[in-house]
Structures are given as structure tokens and as C-alpha cells.
Amino acid sequence: MNKKLLLWGGWGITLLTILGIGVTLLPYFWMVSSSLKTGAEVFELPIRWIPQEIQWANFPNALSRGSFGTYFFNSGFVAVVVTAANVLFCSLAGYGLAKFRFPFRELSFRLVLCTLMLPMEIVLVPTFLVVQQLGLVNSYGGLIFPLAVDAFGIFLMRQFIRDLPDSLIEAARLDGCSEFGIFWRIILPNCKPALGALALLSFRDNWDQFLWPYIVAASDALKTFPLGLAQMEGIDSAAYHEIMALAVMGMIPMAILFLFFQRAFVRGIALSGLKE
Amino acid sequence: MPRTHGVVKAEAAVAGGLPRLRHWTAWPWSLSRRNRLCLAGFFFVLPALIHIAAFKFYPLLQAFQLSFYRYDLMSPPVFNGLANYQGLWENPLFHQSFWVSAKYMFGVSIPEWFLALGLALLLNRAMPGRSFIRLAYFFPIAMSQIVVAMVWKFMYHPYGLVNTILEFFGAGRINWLSTEETALPALIAIGIWRGIPLFGVIYLAGLQAIPRDYYEAAMIDGAGAFQRFVHITIPLLLPTILFVMVISLLSAVKVFLNPLVMTGGGPSGTTRVLPYFIYETGFTYFRMGEAAAASTVLFVFVFALTLILLRLLRRGGVQ
């Protein structure tokens with residue numbers, strides 16, 4: 001009796017797992033499938049899951065609807081610079097907070113954590129005013145500076161560096177290594193896993209930057225890919241096959257990164273999620 | 001080849017051949033080792049602190065100041081006391097936005113707490129193809145918000161996939177994003193769908209940190225699966241659970257992109273969340289002072305909420 005119940009339970013769980021995967025991935029499948037259809041096939045009934053004839057032409061057609069070369073470059077550029085800045089400043093700060101004692105250290109850490117409550121969505125208007133005072137509206141500087149340090153990154157690096165043995169640092173110090181040298185030659189090489197995770201998460205977030213460029217980039221030459229994708233709708237709201245083609249192109253860099261570095265992604269999120 | 005220096009040699013000679021702890025590379029020379037380390041640590045943190053001060057706290061303070069002024073970006077700000085706050089208090093749209101935000105926040109995060117835990121428990125089991133299953137579930141973590149927004153807008157189209165599937169089960173067509181009753185639930189569904197894998201990863205890390213021995217010992221004592229869950233998993237996972245609660249609420253309160261791209265805050269303001277209200281007041285109507293006042297209110301709300309949750313977190317961590 002009990003065995004039978006267990007068997008059914010096992011089947012139930014398997015079924016649930018498959019159903020869950022379906023719900024999780026269906027939108028992505030539908031996006032890829034639609035990006036390869038003709039405009040008429042997209043809303044065809046009954047549902048056409050696989051396009052009758054694969055329409056590769058959707059991709060060049062979609063790209064010609066705007067200066068997408070520029071948008072992709074801008075997104076890539078902003079994402080790379082912001083990621084590099086994040087990795088550098090967050091690991092510096094993480095090291096300082098993890099391994100040194102100085103007055104107001106706890107306060108500094110509290111302030112860093114406080115900024116988790118101040119995401120761009122909430123301080124949008126004030127941040128814009130500051131960037132305006134700095135004369136950075138509609139410039140790469142304006143796109144990049146406000147994003148260059150992220151509290152989550154500091155938190156993540158601090159958690160990781162704190163677990164490195166102090167003896168490592170003391171040994172280097174006795175060998176006459178300068179404080180920055182210790183950071184550069186001892187700490188950084190020893191936290192590659194955390195740095196990788198931070199770089200991936202930061203690249204994802206900033207490749208995806210929509211809101212801040214939407215406010216601060218007025219000219220077409222500064223628009224990022226997400227802005228270009230969103231404005232496609234205004235150009236031709238019926239061209240869903242082309243919009244989906246653009247969405248697929250925007251997804252590809254992250255999909256490749258994820259498939260190669262899945263473990264680093266998961267570790268990064270898990271690391272920033274571990275409490276104290 | 002370690003660098004040598006006369007001072008070190010002299011010191012070493014004095015100390016009887018052993019190099020002193022305080023090394024000549026010590027910078028600044030005159031400071032004691034302790035003070036020098038203090039300073040070094042401070043300098044490591046300084047760039048981040050400057051950034052935070054310039055782009056987080058200064059804007060916040062400035063917004064607070066600006067909330068007592070009338071300012072349209074063109075003419076200089078004019079002091080008008082509490083008029084902005086009074087305007088918000090009397091503005092029915094602000095009240096509406098507040099409730100829309102609250103509904104969205106709890107509508108998204110409460111289901112997430114349970115469903116993400118369910119997912120983590122599922123993925124923590126030994127089953128064939130587990131690494132592939134994990135890959136499939138965690139894939140959405142890498143996906144960008146804007147792609148998600150466009151795909152779902154496409155799926156919520158009156159002739160889109162959602163309606164087609166519901167029709168198959170005998171339901172009627174609904175124009176999800178332009179019907180007052182369905183627009184917010186449609187956005188909430190996306191939020192939940194997107195959050196589950198993310199919080200699932202965090203829960204899973206928490207579950208894997210629980211030592212196996214505890215379960216084995218409980219099994220020897222004859223505890224059933226449910227008892228093990230209640231008496232081992234839940235108490236040991238409590239810090240993670242509370243962390244997920246805080247983070248999920250914070251990430252739900254800042255939702256902005258989906259309403260902006262998918263519904264434009266409509267229909268009739270039913271999806272105009274607070275960040276959207278602030279954006280509209282500031283950048284569409286150029287009432288920067290009022291937008292700053294609304295920002296301040298939103299921040300106080302978020303701050304109070306986090307404080308309450310952190311207190312809970314601490315209490316949970318102590319247990």
C-alpha cells in the first residue's frame with residue numbers, strides 16, 4: 001500500500017517537473033519559433049509550433065528597421081565598461097571591508113547595504129538631476145558613471161574575501177609586499193570564482209540596461225539595444241516576427257554566456273544570497 | 001629577489017638578526033603598523049564610498065530638499081513649503097499608485113516565497129537528468145528584462161499564445177493588457193514567473209548547506225518526511241527564507257520596466273506603480289518638486305518596510 005503510494009508520488013513529481021520546465025521555457029521557445037515565421041504565420045490558428053519554412057530573412061529585415069549596429073555597440077560598450085568598473089571597485093571595497101579594521105567600517109558597510117534600498121528605479125529623478133548638474137546628460141559618461149559601483153557586488157566580494165585565510169595576507173606583508181600589491185597579486189588571483197560570478201551578473205544587468213539610458217540618452221547615437229527593441233513597437237506594432245527576431249538577437253550573448261558559465265551564474269546568486 | 005634596504009638591515013641587526021614586523025615598505029613611514037592598516041583599509045573602500053555618496057545619498061538628500069520647491073527644469077526652483085506633499089495627499093492618482101504598488105509587491109512576492117521553495121526542494125532531490133533539469137530551470141536567470149517584456153507582450157496579445165491556449169481549454173478571449181481587471185494580474189504573473197528560478201537558486205544553496213547527518217539521524221529515530229521537513233529543513237533554512245522575503249519585496253517594489261513597456265501604466269492607471277507615477281510626474285509633466293516629494297515618500301516606505309523585515313531577519317537568525 002505504502003509502496004504504491006510512493007510510486008504514484010514519484011510519477012507525480014516527475015510530471016510536475018516536466019510541466020514546470022514547460023512553463024519556464026515555453027515563452028523562450030515561442031519567441032525563437034516566432035522569429036523564424038512569416039508575419040501571417042505568427043497569429044495562425046491552430047497554433048503552428050514550428051514554422052513551415054524557416055524565415056532567416058527576418059533577422060536582416062529587423063536589423064534594417066533602426067541603427068541596430070549602433071545600439072548593439074552601445075549596449076556592449078556600456079556593459080563592458082560598467083562590468084570592469086564594478087569588478088575593480090567592488091573587489092577593492094570588498095577587500096577593505098572584509099580584512100581591515102578602521103573607524104566607521106561598520107558604518108561604511110551599513111551605508112553600502114542601505115543603497116540596496118535605493119535602486120535606480122526609486123532614485124531615478126534625483127539621479128537624473130545630479131547627472132544634469134555634472135553636465136553629463138546625453139553622453140557615455142552619463143550612461144556609465146551612475147552604474148559603476150553596485151552594492152550587491154561589494155556584498156558578494158566581501159562575503160568571499162572574508163573566507164580567505166588571513167595568513168595569506170600576513171605572509172605577503174612580511175615578504176614586503178605593498179598593501180595594493182597584496183590586493184593585486186594575492187587577493188585577486190584567489191577570488192577568481194567570485195570575480196567571475198560578479199562579472200557575469202554585472203554584464204547581464206548592464207547589457208540589459210533600459211531605464212537609465214531611456215532617461216539619460218536623448219540622441220539616437222547613444223541608445224542601447226533594449227531601447228531600440230522597445231521602440232520597434234512604435235515603428236510597426238504588427239511586425240511581431242521581426243520584433244521577436246530582434247529579441248532573439250538580444251538574448252543570444254547572454255544565452256551563450258549562461259551555457260558556458262552556468263555554474264558561475266548560480267554560484268554568484270547563491271553567494272550574494274548567503275546571509276552573513 | 002626580495003628588495004633590501006639599509007634601514008631594514010640596521011633594524012634587523014638591532015633586533016638580533018630577525019627582521020622586525022614593521023617593514024620598511026610601510027607607507028606612510030611614520031605611522032604605526034596599526035594606523036597604517038587602518039588607512040590602507042579605508043583607501044580600499046574609499047572609491048566605492050565616494051560613488052555611493054555622489055550617486056545615491058547626495059541625490060537622495062537633494063530630492064528631499066527639492067521636495068519643498070516648485071521646479072520645472074527650466075526656471076529656477078521656487079520654495080513652496082509643504083505644498084508638494086499636500087498635493088500628493090490630495091491627488092487620487094497618487095493614492096491609486098500607492099495601492100497598485102502594494103498589490104503588485106505582495107501579489108508577486110508571496111507566491112514566490114512558496115513556489116521558489118517548492119522548486120528548490122524539487123531540484124534538491126536525486127533524480128535522473130538532474131543537471132539538465134537544473135539547466136532548464138535556471139536558464140531564465142540569464143535573460144534580460146526587456147526581452148521578457150517583449151515576449152510576454154506578444155503572448156498577451158488578443159490573438160497571442162496565452163489566449164490560444166486558454167481557448168483550447170474553453171475560455172474566451174481576453175485583451176489581457178487593456179482590460180482594467182486583468183492588466184495588473186497579467187503583470188504579476190510575469191513577475192512571479194521571472195522570480196521563481198532566481199529565488200530557487202538562493203533556496204537551493206541554503207538547502208545544500210544543511211548537513212546530511214541531521215536527516216540521517218532523524219531517519220534513524222523514525223521521523224517521517226514531513227516531520228523532517230518541519231523540524232530540520234524549516235528551522236535551518238529560516239535565515240535564507242527571511243532573506244528571500246526581504247529581497248523579493250525589494251525587487252518587486254521597484255518594478256517599472258514592465259508597466260512602462262507593456263501597458264504604459266494603463267488602463268486607467270491600474271498598472272501605474274509608484275516608480276511609474278514618479279517618472280510621469282517628473283519627466284512627462286516636469287513637476288520635479290512633486291516627483292521629488294513622491295520619491296521621498298516611496299523611499300520612506302521602502303526604508304520602513306526593510307527595517308521591519310531586517311528586525312524579523314535578526315530575530316530569525318538568533319533562533
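Helices (H or I, at least four residues) and strands (E, at least two) are taken here as DSSP runs, numbered from the N terminus. On that count, chain B comes out with 13 helices and two strands. The model is a predicted one, so local features need pLDDT of at least 70 and side-chain atom pairs count only at pLDDT 80 or more, while totals for chains, interfaces and linings use all residues. Residues are numbered from 1 along each chain as its sequence is written, with chains lettered from A and ligands numbered from 1 in the order in which they are written.

Staying with chain B, 39% of its 319 residues count as buried, meaning that 20 or more other C-beta atoms, placed from the backbone, lie within 10 Å of the residue's own. As for contacts (C-beta atoms, placed from the backbone, within 7 Å), 66% of those in chain B with a separation of 6 or more are between residues 24 or more positions apart.

Turning to where the chains meet, the contact draws 73 residues from chain A and 74 residues from chain B. On the chain A side, helix α13 (residues 240–260) gives the most, with ten residues. That side of chain A splits into 55 nonpolar, eleven polar and seven charged residues, where Ala, Val, Leu, Ile, Met, Phe, Trp, Tyr, Cys and Pro count as nonpolar, Asp, Glu, Lys and Arg as charged, and the others, Gly among them, as polar.

Chain A itself is divided into domain 1 (2–59) and domain 2 (66–273), with bounds from an automatic or database domain assignment. Their centres, taken over C-alpha atoms, sit 33 Å apart. Ten residues from each of these two domains of chain A make up the contact.

How values were computed: Buried ≥ 20, exposed ≤ 12 C-beta atoms within 10 Å, placed from the backbone.
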